[in-house]
Amino acid sequence: MVQQFKGEADTSLITEKSGERIMNVNVIAGGDSSFSVQLIQENVALIAGVKYQCVFTIWSDIEGEITARIGSYATYKTVGFSEHVPVMKTGQSRAITFTPEVTEPFARFELNLGKQKRKFWIKEVKVLRLTK
C-alpha cells in the first residue's frame, strides 16, 4: 500500500485464463488531488519533434475522469501531453497522439487516479513512436 497527499491505494496483477494481464488499482482514499494516487511508468524516452501515441485500456467501478500525462521526471512539468480522460464501467481503449517540443530521455507516463475512492482495471498500456 502506498500513501501520498492524503491518497492511499494498493495494486494487484490479475492474469486471465487467456494469459491477458490486467492491473487492478484499489483507491482506498482519493486524497486532495488527481495526483494523490498515481500509476507511473518511468524512463519513457521522448525525442523533440517526433510523433508518439500513448494507448491504454481502462475501466472503473465508478464512472468519472482521470488525468493521463507524460511529464519530466526531474521537474514534473508536462513534456508530452496532459489530458482529462473519461473512464467508463466497461473497458474503453484510449489513444492520445502527441509530439513533444523537447527531448526528454527519462520522462514518465502517469495515470493520475486520485480524488475519489474507487477501483480501476488497466491493461495494454503502450507508448509508441509513430515517426522517426
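1. Contacts of Phe56. In this predicted model, Phe56 touches Ala68, Val85, Gln92, Ser93, Arg94, Ile96, Phe109, Leu111, Lys123, Glu124 and Val125, leaving aside residues up to four places away in sequence.

2. Nonpolar core. Phe56 is also among the residues with the most contacts inside the largest nonpolar core, together with Phe109, Leu113 and Phe120. This core has 26 residues. Two or more of its residues come from each of strand E3 (21-30), strand E4 (38-46), strand E5 (52-60), strand E6 (64-72), strand E7 (78-87), strand E8 (92-98), strand E9 (104-112) and strand E10 (118-129).

3. Secondary structure and overall dimensions. The chain contains ten strands and zero helices. With a radius of gyration of 15 Å, close to the 14 Å given by the globule rule for 132 residues, the chain is therefore as compact as a globular protein of that length. The C-alpha trace spans about 40 × 35 × 20 Å along its principal axes.

4. Among contacts in the chain with a separation of 6 or more, 73% join residues 24 or more positions apart. Of the 132 residues, 38% count as buried.

Technical notes: Residues numbered from 1 in each chain as written. Predicted model: local features only at pLDDT ≥ 70, side-chain atom pairs only at ≥ 80, totals over all residues. Heavy atoms only, no water. Helix = DSSP H or I, 4+ residues; strand = E, 2+ residues; numbered from the N terminus. Rg over C-alpha atoms; globule rule 2.2 N^0.38 Å. Buried < 20%, exposed > 50% of the residue type's maximum accessible area, 1.4 Å probe, protein only. Contact = heavy atoms within 4.5 Å. Core = buried A, V, L, I, M, F, W, Y, C linked by side-chain atoms within 4.5 Å.
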